[in-house]
Amino acid sequence: MLNRPKKRNAINAQMWKEIGEAFRDVGSIGDGCRCVLLKGSGKGFCGGIDVTDQNVFAELSPSENNDDKSSQDAARKSLAFRSQVLQMQDAFTALEECPVPVVVAIHGACVGAGVDLACCADIRVCSKNAVFGVREVRLGLAADVGTLQRFPKIVGFSSRVKELCFTGDDFDAEDACKIGFVSRVSETEEDLQKNADEICNKITQHSPVAVSVTKISLNYSRDHSVDEGLKHIALQNSSALMSEDVMKSFMMSSGAADIEFDAMRAHSRL
């Protein structure tokens, strides 16, 4: 849960690090996790980047040391700041690379970095009071942690998408569902929780091997040709179909009860 309600869950440097650390671990450390539900506390999902956090923009601030020539050189400052942008991108990409599906339940404001974050999830649902906005252009910059790359691939490179990104205008839950950014709109926040839980519960009923390979294949196919995607899933399933989960799934579909799938092993790391 994004838990800075007094700041509308605006993302500061510390939260950015924690998001990356959490999603790099979940589902890959032998924790038995099959699906993640991410939501925001308080009145909204995420109010964007915390512009009051000096740590986020420290490298762009004027240097107090006028004798340090490297701090005044635009090219050097640019190259120094690039690594931070990549770090911020990687933190959100961790949701996309998480081995289990990530569902985000959005209520209230989801703007700026909130949209960046939501774009990295596998499934997005929202309540009727949700308000979205690619607002970076209002702050004098282009969105640089994923929205401009992922948003069009989620909903298509339409005129509406470019209008939203160029103007910084907000769009509501109905519009988000119409263009395919969210798959469900709930009347109330209570209904949102129920619908999100329902989706997560359905996912966890299936083989974790099948779900994991499905996510890998979907993400790969998004960025490759159909032919490349077919070859990729053929390679993936040449091993995944050896799992005992296939037989268990057939038994479940035939009405067998009390079928349980073994937890996934922790990923090997140095």
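About 350 Å³ of space lies in the second largest pocket of this predicted model, in which local features need pLDDT of at least 70, side-chain atom pairs count only at pLDDT 80 or more, and totals for chains, interfaces and linings use all residues. Residues are numbered from 1 along each chain as its sequence is written, and side-chain values use heavy atoms, with hydrogens and water left out. A pocket is an open set of points on a 1 Å grid over the protein atoms alone, where a 1.4 Å probe fits, with protein on both sides within 12 Å along at least five of seven lines; lining residues have an atom within 4 Å of a point. A volume is the space filled by probe spheres set on the points, which are joined across faces, edges and corners.

The second largest pocket is lined by 18 residues, and the closest to its centre are A121, D122, I123, L218 and N219. At least two lining residues each come from strand 4 (123–127), helix 6 (147–155) and helix 10 (208–222); helices here are DSSP runs of H or I with at least four residues, strands are runs of E with at least two, and both are numbered from the N terminus. Helix 10 supplies the largest share of this lining, 6 residues. By class, the lining holds 9 nonpolar, 2 polar and 7 charged residues, where Ala, Val, Leu, Ile, Met, Phe, Trp, Tyr, Cys and Pro count as nonpolar, Asp, Glu, Lys and Arg as charged, and the others, Gly among them, as polar.

The largest pocket has a volume of about 470 Å³. Its lining consists of 26 residues, of which G48, I49, V51, A113 and L139 are the closest to the centre. Helix 2 (54–57), helix 4 (74–97) and helix 5 (113–119) are the elements that give two or more residues to this lining, and helix 4 gives the most, with 3 residues. The lining of the largest pocket comprises 15 nonpolar, 4 polar and 7 charged residues.

Strand 4, part of the lining of the second largest pocket, also belongs to an open sheet of 4 strands in the order 1-2-4-7, with parallel pairing. Two strands pair if DSSP finds at least two bridges between them. Strand 1 (36–39) and strand 7 (184–186) are the edge strands, each pairing on one side only. The twist averages 25° from one strand to the next; axes are lines fitted to C-alpha atoms, for helices over the stretch in contact, and angles run from 0 to 180 degrees between N-to-C directions. Strand 2 (residues 102–106) pairs with strand 4 in the parallel sense over 4 bridges, and A105 has V125 as its bridge partner in strand 4. Helix 9 (residues 189–204) lies across strand 1, strand 2, strand 4 and strand 7, running at about 160° to strand 4.

Another open sheet has 3 strands in the order 3-5-6, with mixed pairing. Its edge strands are strand 3 (109–111) and strand 6 (170–172). Strand 3 pairs with strand 5 (residues 131–133) in the parallel sense over 3 bridges, and A109 stands opposite V131 in strand 5.

Helix 6 has the buried residues T147, R150, F151, P152 and V155, buried meaning under 20% relative accessible area with a 1.4 Å probe and protein chains only. Their cover includes helix 4, helix 5, helix 7 (159–167) and strand 6, contact meaning heavy atoms within 4.5 Å. G156, whose phi is positive, near 100°, follows helix 6.

Terms used:
Buried means under 20% relative accessible area, exposed over 50%, partly exposed in between (1.4 Å probe, protein chains only).
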